[in-house]
Amino acid sequence: GTPLEIGLEDASGQHRGTVNTVMQESAPGIFTREGSTEVLAWSSTIGGLVTERARVRGGDILTIFATGLGASRERLPSGVDAPTDRLMELRTQVRVVVAGQALDPLFAGRAPGTLGVDQINFQLPEELPEGEEWLTLHLEVRGGHLIAPVSNTVRIPIAVGPGR
């Protein structure tokens, strides 16, 4: 809730204006494929990135990436990558909402070896809505003084037909 005034500078260091905002414990945003609302997701079942050609199925375990999910349980100095030798869970509670159904993630924390990137691993429900080719997905974050900030809504392609 602390008011912030952020000065903006160009690459040469020349002042280009200010932005006034309010500090938040979280401001979630899910990474998408460039120029789209399609989620950037990895499927352990597919063994690769989810695409229109490699669609998810019910029960698949997915990894998505986001930013702004709040502080981790373990503190790191500013500007230091998340460690690769251990997982760093978030202090906040993250829920993945897929087609209106809230799911608790298997893991929500810093993406190892990255700076400012959060990783969420979760399992899709076994039963997915019939007749749909895409599902919507967003994140809800709770914890501390938060009142469930919600991320952007993204789309994920799902397999259709038998065996979905």
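A salt bridge is taken here as a side-chain nitrogen of Lys or Arg within 4 Å of a carboxyl oxygen of Asp or Glu. By this rule the count comes to nine salt bridges. The structure is a predicted model: local features need pLDDT of at least 70, side-chain atom pairs count only at pLDDT 80 or more, and totals for chains, interfaces and linings use all residues. Residues are numbered from 1 along each chain as its sequence is written, and side-chain values use heavy atoms, with hydrogens and water left out.

The secondary structure comes to zero helices and 12 strands. Both element types are DSSP runs numbered from the N terminus: helices are H or I with at least four residues, strands are E with at least two. From the N terminus on, the elements therefore read β-β-β-β-β-β-β-β-β-β-β-β. Along the principal axes, the C-alpha atoms fill a box of roughly 60 × 35 × 30 Å. The protein exposes about 9,400 Å², and carbon and sulfur atoms supply 50% of this area. Accessible areas come from the Shrake-Rupley method with a 1.4 Å probe; for residues, only the protein chains shown count as cover. Buried residues make up 39% of the 164 residues. Contact means heavy atoms within 4.5 Å. Among contacts between residues at least 6 apart in sequence, 53% join residues at least 24 apart.

Four strands form an open sheet. Their order is β8-β7-β11-β12, and the pairing is antiparallel. Two strands pair if DSSP finds at least two bridges between them. The edges are held by β8 (101-103) and β12 (154-157). Each has a single partner strand, so one side of each is left without a neighbour in the sheet. Neighbouring strands of this sheet are turned by 35 degrees against each other on average, direction ignored. Axes are lines fitted to C-alpha atoms, for helices over the stretch in contact, and angles run from 0 to 180 degrees between N-to-C directions.

Strand β7 (residues 93-98) is joined to β8 by three bridges, and the two run antiparallel. Valine 97 has alanine 102 in β8 as its bridge partner. Alanine 99 is found in the loop between β7 and β8. This residue has a positive phi of about 50 degrees although it is not a glycine. Alanine 99 is partly exposed, with a relative accessible area of 39%.

Side chains of opposite charge can pair when their charged atoms come close. Arginine 95 counts as partly exposed at 23% relative accessibility, whereas aspartate 104 counts as exposed at 51%. Glutamate 74 and arginine 86 meet in a salt bridge at 2.5 Å, N to O. Both residues lie in the loop between β6 (61-67) and β7, so the pair ties together parts that are 12 residues apart in sequence. Glutamate 74 is partly exposed at 28%. Arginine 86 is partly exposed at 37%. A network of salt bridges links Glu74, Asp85 and Arg86. Glutamate 52 forms a salt bridge with arginine 55, and here the closest N and O atoms are 3.8 Å apart.

Glutamate 38 is found in the loop between β3 (29-30) and β4 (41-43). Its relative accessible area is 9%, so glutamate 38 is buried. Residues up to four places away in sequence aside, glutamate 38 touches Thr32, Arg33, Val50, Thr51, Glu52, Trp134, Arg155 and Pro157. Glu52 in this list is the salt-bridge partner of arginine 55.

Strand β2 (residues 15-22) contains valine 19. Arginine 16 is also found in strand β2. Arginine 16 is exposed, with a relative accessible area of 54%. With residues up to four places away in sequence not counted, arginine 16 touches Leu8, Glu9 and Asp10. Valine 19 is partly exposed at 38% relative accessibility. Ile6, Leu8 and Val19 make a nonpolar surface patch of about 220 Å². Patches are made of residues with over 30% relative accessible area and no salt bridge; like charges are joined within 9 Å, nonpolar side chains (Val, Leu, Ile, Met, Phe, Trp, Tyr) within 5 Å.

Key:
Buried means under 20% relative accessible area, exposed over 50%, partly exposed in between (1.4 Å probe, protein chains only).
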